[in-house]
Amino acid sequence: MISLASRMPQRFYRIWTASAVSALGDGIYFAALPLLALTLTHNPILLGTMEACALLPWLCFGMVGGALVDRWDRRRTMVVADLFRFSLLVLVTVLVTSGTADIYLLFAAAFLLGTGQVFFDTASTAFMPEVLQDRDLATLQRASSRLLGAQQTFEGFVGPPAGSLLFGLGRAVPVLAEAMSFLVSSLMIRSLPKAPAKPAKPRGSLLREAREGAAYLFGNRLLVGLALRPAAGNFAFLGASAVLVLFLKDTLHLGTTAYGVYLTANAIGALIGTSIGTRLAARLGTGTALTITAGVEAAALLGIGLAPNAWVAGAAELTLGMAMGVTMSLAPAVRQAIVPDELMGRVGATARLIALCAGPLGALFGGWLAHVAGLRAPFIMGAGILASMTIVAARMTNNTQIEVGLAEAKARREREERAQEQAAKAAASEPSLAPA
């Protein structure tokens, strides 16, 4: 078996380092942000609004951002987005240190940070095939697993306790640490070689180009299946997460310290899942692996909802994290392997928007369902939704569908290469028009 180190080009590790540093900063910031907010307000509505502000940019700019990413140089877009977020958090650090910050500043910061994330995440997903200079599915999946593993480790394990520790040193210290992570990330990405200039193409309106990306996704059965999976997952998971703390404390009688330990079970499982995802795909095929993980996710969420005690729920949570880790390491790489480069940003942004829109709806529905049917109901409902995704995965994202999609993408790229070669030969054979 060829090792990851022997397959990944050196430039990939710059992206990996940038991702790891940024994930560490995110873990620090996300742990410290609620603590900072609590020093400014105890109003639950305001605290919930702050969380919503971070997601709002995807609803406002997601598809248009994808169209812009497809127009712009993706490496430069990532650098600018990181520098923008660095500058913003330096300003927030100054205001928090001076004592002039209020909760509305955090609203604005969350919205602007989310805006930067729209452009960075969309560009980074579209940029990965350029970094690897390879559309091979196995290579993309190995790269995805490596990146997810770094994100889970630094954001899920190292960052949160570091954030709490730094907050004890000063309210603004975690904010400054997050700012520095963006600065380091931008420098690492800027060190990557520039991509060759792409041929100029006529441009239409941004909205029309954004619609082209959405139309391409909805016109491809495989891409629709890949988009439905995280959408259904977000609806189910956030529906359960909305009442998780109440379920664990009131139904399973988990203490505060044990609750914190319980939450790490999913992150541990996800880390395991990212490490075994490519092996499962190599042995079973990506489509079969995605079908199996859909079933495992459904069974695990049902296990949490029916758990008689916290130990059973924790084991199910670990299993759920494993299945999610496998899914997240395999599915996005399929889209990267088959979508044309000029549409990568728009298609990725459309898929992300679909997934994110489902989350808040699931959280609202889960809260209502728990109110009328009990705290176990959202988990059982979510398990049923995930079980339906097993059928969807078996029909829309199976091995056959993926193989057909990969073959069509390869044939399209070969046609484009032949057309470019013929155009170059024609240009070289034209007689010179220079004056005698």
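Accessible areas come from the Shrake-Rupley method with a 1.4 Å probe, and for residues only the protein chains shown count as cover. By that method the protein chain has an accessible surface of about 20,400 Å², and carbon and sulfur atoms account for 67% of that. This is a predicted model, in which local features need pLDDT of at least 70 and side-chain atom pairs pLDDT 80 or more, while totals for chains, interfaces and linings use all residues. Residues are numbered from 1 along each chain as its sequence is written, and side-chain values use heavy atoms, without hydrogens and water.

Let me turn to the fold. There are 16 helices and zero strands in the protein chain; these are DSSP runs, H or I of at least four residues for helices and E of at least two for strands, numbered from the N terminus. Of the 436 residues, 48% are buried, meaning under 20% relative accessible area, with exposed over 50% and partly exposed in between (1.4 Å probe, protein chains only). Along the principal axes, the C-alpha atoms fill a box of roughly 90 × 55 × 40 Å.

Now the cysteines. How many disulfides does a search of the whole structure find? The search finds zero, a disulfide being a pair of cysteine sulfur atoms within 2.5 Å. For Cys60, the nearest cysteine sulfur is that of Cys53, 10 Å away. Cys60 counts as partly exposed, because its relative accessibility is 42%. For Cys357, the nearest is the sulfur of Cys60, 11 Å away, and Cys357 is likewise partly exposed at 34% relative accessibility.
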